[in-house]
Structure formats: structure tokens, C-alpha cells
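Colleague: I am new to this structure and would like to understand how its descriptions are reached. Could you walk me through a few of them?

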Amino acid sequence: MAICEVDIVDPDDVGMDHIEVDDHDGDEDEDEDDSSSNEDSSSDDDEGENDDESSNEDEEDEDASDSDANAEEHEGLASILGGQHAALLASAGLSIGGLNGTNQFRPLLAALKQYDNQTQQLVALQELTELLSISTEESLMGLNFGELAQSLVNLLKGADGDYGELSGFIESNADIMLLACRCLSNLLEALPLAGGLLTRIGVIDVLCSKLLEIEYIDLAEQALTTLMQVSKEFPAKVCEAGGLSACLMFLDFFATGTQRTALSCAANCAHGVTMDQFSQAKEAAQVLERTLFCADQKCAEYSCRALLSLSHAFRASPDLVDQLVSQGLLGSIIESVGPDRASATSAPPTLLLRILAAVTHSSPARAAQAMDADILPVLERIVENQLVSSVGNSNTAELRDLSARSSMRQDSAVRVSDQAWEALRLLVALLPPLPLTADAFLQAEALVVATGDTTSDVASSNPQLACLSAVLSRPRVIQQLQHTLVPTL
């Protein structure tokens, strides 16, 4: 059996130096790795700082551009709302440019100014029409209204617009003018406050020109609709531009729906007519005389309202009222307000009675004509019929009995209708007012003494005394008041 000898070596005496050297080298490698990693991290930090600085610069540029856009939008909104409202928005810290839905209008506004490319303008106008038709006041808060309105009005002018270097070379395009006018209408529908800005930049004159010289019937109808919207808030401005005559000039050539719009515009304009515009009002009254009893109920109603407003506008001048409402028109109105004829006409009887009251109160000549046309028995029948419909258990024969009338007066449940009230107002307008001063009483007494003298200086010097003279010179009217109408009341 062989025995192997094994030498046992002390580990403290072998390889310690080598191990220490190896460890030192490893430490140096680790230091080199740490230094390289530190250099890499420092370079990364430097690059990160550079990236942050560049990103901050980009953000500052974007903020500057946004602030410029916001300033323009604030200016556009301030032109609509006025200084007080704009200051209120600024004090509240409202960032208008940050509102949703406004950025989509910017490329469209730029496309509208491409005057050498009408195809691009048509596409932009079509999209703009759709956007404005579904817009609200909140969604349009950040829109530059001044730039938009000026561009649309300029396009609506057609060949007469301001196109910079291309002025005089741009031909009128019916589709562009129609869409521009429709955009203005949709803008007024979404934001009625825009009417003030449109009025200042001359949209009323442009719309009236499209109605006075009709080239395209579709454009005229759309211009009429837009003018009607403007006349709701600015009737006086429309009358100054001749809008009352313009909306009625070619009324017979329009369809029934467009005629309603034209007469509605005339009714709005009549609220703003002045004494200096009587010639325009007289032309309108001649047209309204034809449409007052037309078959369409809406047209008849708007005609009544327009004629009523014109009568009120010139109530201080009896001569002008006589020219506005002719004798033939007054007779036709009296025939139409009777209870037996109320269903035969499309005009509202209440408005017809208001017209009679306004005219007879302003003009003694028309009041005398109404008395000669037996207006008092008509008023008596109106009041009786209204009481019959209110009570329900009475009939005309009972109403003619004085005792039945007395019992009916004591019934507090009877409700007087609007038509009966207007009949009573007409009666008050026909009767002369009571004298309020001693001199007026003496003049009235002198006129009563000279009963029937309609040419006296006392009667002609005072319209109220002229009305009293008209009543005194008609004994039949006094008998009707004494025996029929007054007992009924």
C-alpha cells in the first residue's frame, strides 16, 4: 500500500502580496469606473440643463404668441361689449384666448382675405356658415368680431368692396355675397350684441342697396332677413338709411314667407321713424293699405302694427295723420271691425280698433268721418257681444232691456275682453276731453252757444275744441250716446 506525502503550506506565507496588489488594482479600476460614470452623469446633466433652457425658451415664445393672440381677441370682444364690460372681464382675469372653439375660426378668417382665390373663399364661407349656425354666445367669446364683421361686409359689397391692390378687378360673385350675408344673419342670431358693431361699419347701407337694386332674388331675400334682425335693435338707424322704403319696394315680387319678413321689418322700422322721414312713411303707408286686408294672417297683423306705429309717430300733426290714413282706408277699417265682419277679415280686430283710436284721437277730421260712418252703433254691438260671451246666459234681446243691463253691471264676474277694452278706448278718443282750465271752459262754453258753427275761430284754433264742435254739429251722435251706448256701458 503506497503512502502519499502531502506538504502543508501556511496560507499566511503564500500569495498575500499578490492578493494585495490585485485588490489595489481593483480599487483603481473601480475609481476609474466611478470617475467615468461621474463624467457621464455630469455631461447628461449639462445636456438636460440645455434641453430645459431650450424648452423654456420655446414655452416663452409660445406664451408670447398666445398673449398677442389674446390681446387681439380682447380687442375684438371689447369692440362688441364696450369699455365697461371689457374692464370687467379684465378685472376677473378671464383668458378669452383659452376658451374652446375659437381657434377654428382663425384659418377661416385668413381664407376670407384670399381675394384672388374665390374657390377658397366659398369653402371658408360654407364652413363658417355652419359653425355660426350652431354657435352660442359662450362659444364666440374669443372671436375677433371686428375682423370677421369687416370681412363679411366687404364680401357682401361684391365688386364695390375694398380688396386692396385687386380693387376694381374683382367681379361680383352671387354665391359669395349670399353666403356672406347668411353668415351675418347667423352671427346676429347667435350674438345679438354684434348688431351694434355691424351698424357702425355700414352693414345697413349695404343691405338696403341689395334691396333697392335686386340682381339676385336669393340674395335679396337673405338681405331682407338680415335687415329685419338689425331693425329689432336699431329701427332708427335703419330708417335713416332708407330701410323702411327698401323693405317694401318690391314686396309683390316675393313669396308669402318673404313678405312676412318684409312687413315684420317695416313694423320694426316704424318704431324709429321721425318727423323728418314723413315722405318715407307715406310711401310705406300706401303699401300697408294694400296688405292690411290680405289673405295671410301674419302679413295682415304686421301691416296693422306698422300702420299703428306710424300713426303714433305723427300724432302731433293732424295734417300728416290725414295724409297717412286716407278716407278710404278709414272706411274700410270701420267696416271690418264690426262683430258680423270680424271673421271675414284676416286682420286682428283689436289692432284695427287701436288704429282707429290713434287716428281719431290725433285728427279731428278723421274723428268726424268716423262719426258720419256710424261708428258708435258698431262699438255698441262690440260691447254687447263681448258681454254676451262673458255672461253666457243672456241674449241680445235681454241686453236691450235697461233692467237687464243694470243687473249685468252689478255682476262682478263679467270679464271684459281686449276687444271690448279697445272699443271703449276708441269711444274715449272720439269724445272731446273735458276742459281743465277756466279759459278752456269759457272757450268750450262759447262754442256750445255757437252750436253748429264749425267755421268759427274758436273751433279752428284748438284741436280739442274742434273735436267738441264735431260732436255738437251732429245731433244724431248725441242721441246715440244718450239712448244706446251710454246705457249699455
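Colleague: What makes α17 largely enclosed by the rest of the structure?

Modeller: Happy to explain, keeping in mind that this is a predicted model. Buried means under 20% relative accessible area. In α17, 11 of the 14 residues are buried, so the helix is largely enclosed by the rest of the structure. Among them are Pro349, Leu351, Ile355, Val359 and Ser362.

Colleague: How do you know what span is expected for α17, residues 349–362?

Modeller: The expected span is 1.5 Å times one less than the number of residues. For the 14 residues of α17 that gives 20 Å, and the helix reaches 20 Å from its first C-alpha to its last, close to expectation.

Colleague: Why is Asn154 called buried?

Modeller: The cut-off is under 20% relative accessible area. Asn154 has 7%, so it counts as buried. Asn154 sits in helix α5, residues 145–156. Beyond its neighbours within four places in sequence, Asn154 is in contact with Tyr115, Gly161, Asp162 and Tyr163.

Colleague: How do you describe the packing of α13 and α14?

Modeller: Two packed helices are described by the angle between their axes and the distance between the axes. For α13 (residues 278–291) and α14 (residues 297–313), the angle is about 145° and the axes are 9 Å apart. The crossing is left-handed.

Colleague: Which residues of α13 meet α14, and what classes make up the contact?

Modeller: Ala281, Ala285, Leu288 and Thr291 of α13 meet residues of α14 including Cys299, Ser303 and Leu310. The contact has 8 nonpolar, 2 polar and no charged residues.

How values were computed
Residues numbered from 1 in each chain as written. Predicted model: local features only at pLDDT ≥ 70, side-chain atom pairs only at ≥ 80, totals over all residues. Heavy atoms only, no water. Axes fitted to C-alpha atoms, helices over the stretch in contact; angles between N-to-C directions. Helix = DSSP H or I, 4+ residues; strand = E, 2+ residues; numbered from the N terminus. Left-handed = near helix turned anticlockwise from the far one by under 90°. Contact = heavy atoms within 4.5 Å. Nonpolar A, V, L, I, M, F, W, Y, C, P; charged D, E, K, R; others polar. Buried < 20%, exposed > 50% of the residue type's maximum accessible area, 1.4 Å probe, protein only.
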